[in-house]
Amino acid sequence: MTDLTIDRVKEVNFDAIVIGTGMTGGWAAKELTEKGLKTLVLERGRELVHVRDYPTAHLYPYELEHRNRLTDRLIQENPILSGCHAFTEDKQHLFVKDAEHPYIQSEPFSWIRGYQTGGRSIMWGRMVQRWSDYDFEGPARDGFAVDWPIRYKDLAPWYSYVERFIGVSGNRDGLDTLPDGEFLPPMELTAVEDYFRQRVAALYKDRRVIMGRCAHITGNYERYRNQGRGGCQYRNECRRGCPLGGYFSSNSSTIPWAMKTGNLTLKHHAVVHSIIYNDHRERATGVRVIDGLAGHVTEYFAKIIFVNAGSFNSNLLLLNSRSNRFPEGLGNDNGLLGKYIAFHNYRASVTAEYRGLPEYRTQGRRPASAYIPRFRNVKKQETGFLRGYAATFNGHRPVVFDRNGFGHRLKNSMLNPSYSDSWKVSSGMMGETIPKESSYVGLDPDQKDRWGVPLLTVSVSYDDNDEAMIGDFFEQFGEMFSKAGFSDIRVRDSHRIPGLDIHEMGGVRMGKDPETSLLNKWNQLHACPNVIVSDGACMTSTSTQNPSLTYMALTARAVDHAVNELRRLNL
Amino acid sequence: MGGAALVPGCNRFSQSEDFPAYSDLSITGREKELVQRLCTVIIPTGDDVKGASDLKLEDFVMIMANDCLDQQERTNFTSGLRALHLLGRMVCQKETGEFTCLDWESFFRVVLGMEEAEASRRHLEWRDIRDAKYFLNTVKEFTIQGFVTSEYFMTEIMPYSMLPGKFRGKVLIDPQEKVNIYD
């Protein structure tokens, strides 16, 4: 029998529903609740409370039984996940194990997930570089995907808004390729990084080495104390969860902030099966939620629904939301839902040594890296491949001891280490990949997961453009390193499979035309405007920047628009 | 050190014993003693600084070998350990040959330095020598790791700061200052 008591009605009816608590779900929750909307936030994983649930945060290296190395058993049980650089002994509890939520790899693709409050925002890389119009204009200029429906000026105020709240450390570098933001003091470059910065500036008009902008609080500020967050203490154990709140995560920042408004209802183990579409009312009315532990189904209702489940899960959810009006998935009138997936190509790296600056060392553990913004094909097409790459740059002075021999000689070496004769430098490529119709995610027709939801099929791979870009990266960085006087320059292609960048994007892309895109310029489904998708699934192209900052800015902007539309009774 | 009495494996193998922390290796008590002995040779006690036996590094070595090596590596590790036992017995029995009784350190050096041709000349199985080398090198690496990441080392020898509080990218090296690998 249907339970129609007032309490029951209140329990399942909200102003807004947010699916997901990660990077963008947290932002949607914060913005919606601050604007006074009674908001239900659904997290498919377990509850993970800031500070309380960081069991390894304070462990010394010797307190980890295997000194942070994965055991063979974990590797054997998790062939996909164990390829992820962040999956280590101290952080193993934060990642979804291979067997927990299987998917089908039509082409090899590692799908790395975190099912808990905060999602992957606990373990993210924290690099936050803004896009410029050179990025937004890419697809239109180079003739791939579709034109972005927005430009830098549309997002710039929202970048600022997000940066001020999350805390971003960086220099004002004055680059048109990488616009400046609302920065807290920058972290220092190391001596060799600063040397390389100067050499590159002297040798190349179009290339710059800067300190990476990262989502860390440098210093102590009242506005972050109000969030319960303090300054970064350079432990570089961020991904365990930072008890100080030194870096931004949903757990440390947006979720508790939303909670304080009194407008947030947060449910865990809430696996959203599908979005309910009402053919008569021609709108989405709610969501069907499976209790992840008990298995029963509950329906919740709201005026607007934010889909922030993480790129692939957002695709999966929309594909699985079938109705008479949308037999191929919610909003999927053009058959493009799930298509035009792209990612970042992180396969290539260059390492070298530098024998200069022997009198210097570093001190402390910097949780960020230097950054080289894209310089290829920026203002015009100049190579045989489309688009380009940004790169990390890191230089440190290793401490070494002679590991030869046995006994007192060896022991004496260990007790008397010395600074290496040379600095070690390295650069990692972050390449843009081209979204293509042939790169897609879909639903398996037969196999279902433990919650009765079809398994996701992933078909994404590298293409010739990616290979050509790797070759160019090796050439250019080989030359830059060589001109800077670095020696023992080595290039490496890890051949790692797509996905380990953990930057999967697209499938529900934004665009101007409902015939060729799923979302409008406000992240609303063209065909169902009270459903808003503002996580990585919305990305029309990938550019080279680490994407979370852009997702967060898009989300804050989308909430602002949706709530205004609600108030104007347009939604 | 030195002399036949110190050479490993002169006594019979004892029965396999139960070491739950590293049961995948199926190690006997005497075999564990050999690992212990080897750790001590790698990082001896003495001077004012603790060594492998004070820190029970053999336990760390065995847990790492048991848990973190893959199946093939574990097999090579155990075979290498047994081969080393066997080599020790042969050394003992061959008192008049060119392969005379040695102290532990020299014995390990002989094994680590042995090439295939020399093994063949000595009528030794090359596979045994190869596995023994793998075993020795693996124990050595884990012993070194266990030492420099022990609580003792990271608090009393080269303190590890959990909360550096700052990062400086360009610090002038003071040649008088003792170098700390965790600084």
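Chain B has an average pLDDT of 84, with 83% of its residues scoring at least 70; pLDDT is the predictor's confidence in each residue, from 0 to 100. In residues 1-15 of chain B the pLDDT is below 50, and this stretch has 34 contacts in the model beyond near neighbours in sequence. Two residues are in contact if their C-beta atoms, placed from the backbone, lie within 7 Å. Residues 95-99 of chain B also stay under 50 in pLDDT, and the model has 5 contacts for them beyond four places in sequence. The model is predicted: local features need pLDDT of at least 70, side-chain atom pairs count only at pLDDT 80 or more, and totals for chains, interfaces and linings use all residues. Residues are numbered from 1 along each chain as its sequence is written, while chains are lettered from A and ligands numbered from 1 in the order in which they are written. The scores of the model are ipTM 0.92 and pTM 0.95.

The contact between the chains takes 39 residues from chain A and 39 residues from chain B. On the side of chain B that touches chain A, two or more residues come from each of α1 (29-42), α2 (57-68), α4, α6, α7 (151-157) and β1 (168-172) of chain B. Helices (H or I, at least four residues) and strands (E, at least two) are DSSP runs, numbered from the N terminus. The most is given by β1(B), with 5 residues. By class, this side of chain B has 25 nonpolar, 6 polar and 8 charged residues. Ala, Val, Leu, Ile, Met, Phe, Trp, Tyr, Cys and Pro count as nonpolar, Asp, Glu, Lys and Arg as charged, and the others, Gly among them, as polar.

Strand β13 (residues 360-363) of chain A is joined to β1(B) by 3 bridges, and the two run antiparallel. Two strands pair if DSSP finds at least two bridges between them. Opposite A:Gln363 stands B:Arg168 in β1(B).

Within chain A, an open sheet of 3 strands has the order β6-β7-β8, with antiparallel pairing. Its edges are β6 (270-278) and β8 (297-301) of chain A, each with a single partner strand, so one side of each is left without a neighbour in the sheet. From one strand to the next the twist averages 30 degrees. Strand β7 (residues 283-291) of chain A and β8(A) run antiparallel and are joined by 5 bridges. A:Phe301 in β8(A) is the bridge partner of A:Gly286.

The axes of helix α2 (residues 23-34) and helix α13 (residues 548-567), both of chain A, come within 9 Å and cross at roughly 30 degrees. The two helices are therefore roughly parallel. Axes are lines fitted to C-alpha atoms, for helices over the stretch in contact, and angles run from 0 to 180 degrees between N-to-C directions. Angles under 35 degrees count as roughly parallel, over 145 as roughly antiparallel, 65 to 115 as roughly perpendicular and the rest as oblique. The crossing of α2(A) and α13(A) is right-handed; a crossing is left-handed if the near helix is turned anticlockwise from the far one by less than a right angle, and right-handed if clockwise. The residues of this contact divide into 8 nonpolar, 3 polar and 1 charged.

In chain B, the axes of helix α4 (residues 104-113) and helix α6 (residues 126-148) come within 9 Å and cross at roughly 120 degrees. The orientation of α4(B) to α6(B) is therefore oblique, and their crossing is left-handed. B:Phe108, B:Val111 and B:Leu112 of α4(B) make the contact with B:Ile129, B:Ala132, B:Lys133 and B:Leu136 of α6(B).
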